[in-house]
Amino acid sequence: MDGTVRLPRQHAGVNAADIRRLEPPDAPAYRQVMLHAYAHEPDAFTSTVAERESLPLAWWAARMARGPEAPERVCGAFVDGRLVGVAGLSPERRARTCHRATLFGMYVLPAHRGQGVAHALVAAVLACAREVPGVRVVELTVTESNPGAVRLYASCGFRAFGVEPLAVNVGDRYVSKVHMWIDLTEQPA
């Protein structure tokens, strides 16, 4: 997923989005979007604003490194040159699990939801996964109390295989996570 993909207009008045793999110069915008995500959707993420805002910009840029040994890949959706959504892929490295990767950090700014951006980001991450030699399975977790996100992932071909109760402590309560997976060999590219 190195090239830019144009997401078509959904309807009049909605800007189309460019979807591409992020690069280290995108780190400030990526950091800003993710800090917004952690602050406004705390149930959806294991990380908190406090944990991530203190990390140096180099940490964020490292997620976008290029080359065969890049530990992660992050795709972004841009509207009028502004980053409005992100989703990442983290391939496993160990010999017995290198056929698996994890989709992580999926977020679309509220003003750009319902326009196909999230679906396009998932498709871009799956395209990235297909470029990693040996990756067959992509897994993710999604907050059980977010049926819209569960439906999104299911519409992209992911299947639920369990619910992890009390998965994340959010203040004085806990949220459960649905575990989902997709076998890339069963899905058209």
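Q: How many salt bridges does a search of the whole structure find?
A: Side chains of opposite charge can pair when their charged atoms come close. A salt bridge is a side-chain nitrogen of Lys or Arg within 4 Å of a carboxyl oxygen of Asp or Glu. Searching the whole structure turns up nine of them. Keep in mind that this is a predicted model, where local features need pLDDT of at least 70, side-chain atom pairs count only at pLDDT 80 or more, and totals for chains, interfaces and linings use all residues. Residues are numbered from 1 along each chain as its sequence is written, and side-chain values use heavy atoms, leaving out hydrogens and water.

Q: Which residue does D26 form a salt bridge with, and is D26 buried or exposed?
A: Buried means under 20% relative accessible area, exposed over 50%, and partly exposed in between (1.4 Å probe, protein chains only). D26 pairs with R20, with the closest N and O atoms 2.8 Å apart. At 12% relative accessibility, D26 is buried. You'll find D26 in the loop between β2 (17-21) and α1 (27-40); helices (H or I, at least four residues) and strands (E, at least two) are DSSP runs, numbered from the N terminus.

Q: Which parts does the salt bridge of E139 and R100 tie together?
A: The closest N and O atoms of E139 and R100 are 3.3 Å apart. E139 sits in strand β6 (residues 137-143) and R100 in strand β5 (residues 100-108), so the pair ties together parts that are 39 residues apart in sequence. R100 is partly exposed, at 26% relative accessibility.

Q: What about the largest nonpolar core: how many residues has it?
A: In soluble globular proteins, nonpolar side chains tend to be buried together. A nonpolar core is a set of buried Ala, Val, Leu, Ile, Met, Phe, Trp, Tyr and Cys residues joined through side-chain atoms within 4.5 Å. Here the largest one has 54 residues, and Y30, Y153 and F158 have the most contacts inside it. Helix α4 (residues 117-131) gives the most to this core, nine residues.

Q: Which residues does F158 touch?
A: Contact means heavy atoms within 4.5 Å. Leaving aside residues up to four places away in sequence, F158 touches several residues, including L103, V122, Y153 and W181.

Q: At what angle do the axes of α4 and α5 cross?
A: Axes are lines fitted to C-alpha atoms, for helices over the stretch in contact, and angles run from 0 to 180 degrees between N-to-C directions. The axes of α4 and helix α5 (residues 147-155) cross at roughly 50 degrees and come within 10 Å. On the α4 side, A118, H119 and V122 make the contact, meeting L152, Y153 and S155 of α5.
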